[in-house]
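Subject: Structure handover

Hello,

Please find the structure below, for your files. My notes on it follow.

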Amino acid sequence: MGSLLNNSQNITGVNQTLTFNQGQIILQPKQQDTRINTIGIWTDAFLIYISIYCTIHTSQFQELLKYMQTVRLGAKRYAGLGWKLYDEQFRLRRSQEPAGSWSVIDTELWLLYMQPAGPINGPEFNIAQKPTNNFLKCYAYNYNGTCTQQYCTYKHACLKCSGYIRLYIALIAK
């Protein structure tokens, strides 16, 4: 995928090679693949991939867009490069099973690469939680004193002071 992106190389730099072409010595820039280490770079490369792939497989355009949305969602929800590993393994499987659908999530790969490696213990409850949204606070937690969602994506903190509500209630009770 990295080779799909345009690398602007400095022609006078050290990254050059000498090649023979029809009896002539030619100085050319070394071809280096761009490292895909962010979802933005991956998206740029995947859009180029879509444009090339859809020249032959025009009916799969919508599936490829859905696949791109799936990978971007995984990158948004989970820290790290699990989304990249998911993509690489998914495309390897697609090369082995060309009749498969791009729009269907491969649950085995999703569980292997997109899920957190282990449970994250919340400080106020001893339950596994998905990473929280650091900006939005859980209304159920604030108004009921507890949240019944097993995997609440909102921060369990006080709406007023941003502290943990148990500490807030304990201070009010004194």
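This is a predicted model: local features need pLDDT of at least 70, side-chain atom pairs count only at pLDDT 80 or more; totals for chains, interfaces and linings use all residues.

Residues are numbered from 1 along each chain as its sequence is written, and side-chain values use heavy atoms, with hydrogens and water left out.

Overall make-up

The protein chain has six helices and four strands. Helices (H or I, at least four residues) and strands (E, at least two) are DSSP runs, numbered from the N terminus. The order from the N terminus is β-β-α-α-α-α-β-α-β-α. Of the 174 residues in the chain, 26% are buried. Buried means under 20% relative accessible area, exposed means over 50%, and partly exposed is in between, with a 1.4 Å probe and protein chains only. Contact means heavy atoms within 4.5 Å. Among contacts in the chain with a separation of 6 or more, 41% are between residues 24 or more positions apart.

Core

The largest nonpolar core has 20 residues. Such a core is a set of buried Ala, Val, Leu, Ile, Met, Phe, Trp, Tyr and Cys residues joined through side-chain atoms within 4.5 Å. The members that touch the most others are Trp 42, Phe 46, Leu 64, Tyr 67, Trp 83, Tyr 86 and Trp 102. At least two residues of this core come from each of H1 (39-53), H2 (61-77), H3 (82-96) and H4 (107-114). In soluble globular proteins, nonpolar side chains tend to be buried together.

Helices H1 and H2

The axes of H1 and H2 come within 11 Å and cross at roughly 170 degrees. Axes here are lines fitted to C-alpha atoms, for helices over the stretch in contact, and angles run from 0 to 180 degrees between N-to-C directions. On the H1 side the contact includes Ile 39, Trp 42, Phe 46 and Tyr 53. On the H2 side it includes Phe 61, Leu 64, Tyr 67 and Arg 72.

Asp 87 is in helix H3 and is buried, with a relative accessible area of 2%. Leaving aside neighbours within four places in sequence, Asp 87 is in contact with Trp 42 and Tyr 67. Its side chain makes a polar contact with the side chain of Trp 42 at 2.8 Å. A polar contact is a pair of N or O atoms within 3.5 Å; within protein, one must be able to donate a hydrogen and the other to accept it, and residues adjacent in sequence count only if both atoms are side-chain atoms.

Arg 93 is also placed in H3, but is partly exposed at 31% relative accessible area. The Arg 93 side chain makes polar contacts with the side chains of Asp 106 (2.7 Å) and Glu 108 (3.0 Å). Arg 93 and Asp 106 are 13 residues apart in sequence and 9.6 Å apart C-alpha to C-alpha.

Cysteines and His 156

Zero disulfides (cysteine sulfur pairs within 2.5 Å) turn up in a search of the whole structure. Cys 54 is buried at 12% relative accessible area, and Cys 138 is buried at 4%.

His 156 lies in the loop between S4 (154-155) and H6 (165-173), and counts as buried at 5% relative accessibility.

Regards
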